[in-house]
Amino acid sequence: MDQTISEYLIQVKKESGGIAIITINRPKSLNSLTRAMMVDLAKAFKDMDSDESVQVVIFTGSGRSFCSGVDLTAAESVFKGDVKDPETDPVVQMERLRKPIIGAISGFAITAGFELALACDILVASRGAKFMDTHARFGIFPSWGLSQKLSRIIGANKAREVSLTSMPLTADVAGKLGFVNHVVEEGEALKKAREIAEAIIKNEQGMVLRIKSVINDGLKLDLGHALTLEKERAHAYYSGMTKEQFKKMQEFIAGRGSKKPTSKL
């Protein structure tokens, strides 16, 4: 049974089967963010981490935009005050979430919205989606990771062009650069995100969490140290396994081997 909780502007819908959908729901303002919305968004992601009924989170926006950035009519309340508190920072909470986050992007993902997209693990974008970094245009200093993450994903030269010109990065170009995993027709982003979520849920969930963690943690290191990290975690995992866990692994593999794959990415 579907369950909808949270405030009107940030909606959390938990579906049967382990999928939760977090939606920015301020379509008349193209889902621009107020300070209160950021706090609610951070709480929504934090709650997903401890919710055992949720295995994958899909993050999207309602209407014609994913997120058009910060509501600049309330800029001072957004950029000052308790903004350093990790408990109320949605990007920090997204990065702390152990479960996979799939972004379903339609319309604009601008500046703060671009940074929220960068905090997702997998991105699906409708063909008309546009990613824009307008920090330089409006004299705003990036603080949710865009200046560092984008260059690591699409390359420094392209990232500099996107950020210094404030020109849009289209979904098709983002797909070719590897920033977006799948580009789909208008209205299909959420459907594709669900397909990916369902494919993830079919796997062994403890290992899904471990693999997401080692990939994301390894990206913060150089290759040599990242390989060491993988080896250390693998050794710790296998050393801690009991005979019963090995038996369950074998049973899981045998059960999966008898089933035909049902999802195609």
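A polar contact, as I use the term, is a pair of N or O atoms within 3.5 Å; within protein, one must be able to donate a hydrogen and the other to accept it. Keep that in mind for the start of helix α10. There, a side-chain oxygen of Glu204 comes to within 3.3 Å of the backbone nitrogen of Gly206. That falls inside the cut-off, since the limit is 3.5 Å.

One caution before I go on. This is a predicted model. Everything I quote is computed from it.

Let me stay with α10. The helix covers residues 205–218, so we have 14 residues. From first C-alpha to last, α10 reaches 20 Å, close to the expected 20 Å. Which of its residues are buried? Gln205, Val208, Lys212, Val214 and Gly218. Note that a lysine, Lys212, is on that list. And what covers them? The cover includes helices α3 (90–96), α9 (189–201) and α11 (223–239). Strand β6 (101–105) is part of the cover too.

Now the whole protein. We have 12 helices and 11 strands. There are 265 residues, and 42% of them count as buried. Take contacts between residues at least 6 apart in sequence: 69% of these join residues at least 24 apart.

Next, helix α1, residues 35–50. It has 16 residues and spans 24 Å, C-alpha to C-alpha, close to the 22 Å expected. Its buried residues are Arg35, Met37, Met38, Leu41, Ala42, Ala44, Phe45 and Met48. Look at the spacing in that list. An α-helix has 3.6 residues a turn, so residues three or four places apart point the same way.

Asp47 and Lys43 meet through their side chains, 2.8 Å from N to O. Why can these two pair up along the helix? They sit four residues apart in α1, which means about one helical turn between them. Asp47 is partly exposed, at 32% relative accessible area.

How many salt bridges does the structure hold? The count is 15. Let me show you two others.

First, Glu87 with Arg96. Their closest N and O atoms are 3.4 Å apart. Both ends are partly exposed: Glu87 at 34% relative accessibility, Arg96 at 45%. This pair also belongs to a network of salt bridges, in which Lys46, Glu87 and Arg96 are linked.

Second, Arg127 with Asp172. The side chains meet at 2.8 Å, N to O. Arg127 lies in the loop between β8 (122–126) and β9 (130–132), and Asp172 lies in helix α8 (residues 171–176), so the bridge ties together parts 45 residues apart in sequence. Arg127 is partly exposed, at 37% relative accessible area. Asp172 counts as partly exposed as well, at 33%.

Last stop: Ser65. Where is it? In strand β5, residues 65–67. Buried or exposed? Ser65 is buried, with a relative accessible area of 1%. A polar atom of its side chain lies 3.4 Å from the backbone nitrogen of Cys67. Leaving out residues up to four places away in sequence, Ser65 touches Leu30, Asn31, Ser106, Gly107 and Phe108.

That is the tour. I'll take questions.

Conventions:
Residues numbered from 1 in each chain as written. Predicted model: local features only at pLDDT ≥ 70, side-chain atom pairs only at ≥ 80, totals over all residues. Heavy atoms only, no water. Expected span 1.5 Å × (residues − 1). Buried < 20%, exposed > 50% of the residue type's maximum accessible area, 1.4 Å probe, protein only. Salt bridge = Lys/Arg side-chain N within 4 Å of Asp/Glu carboxyl O. Contact = heavy atoms within 4.5 Å.
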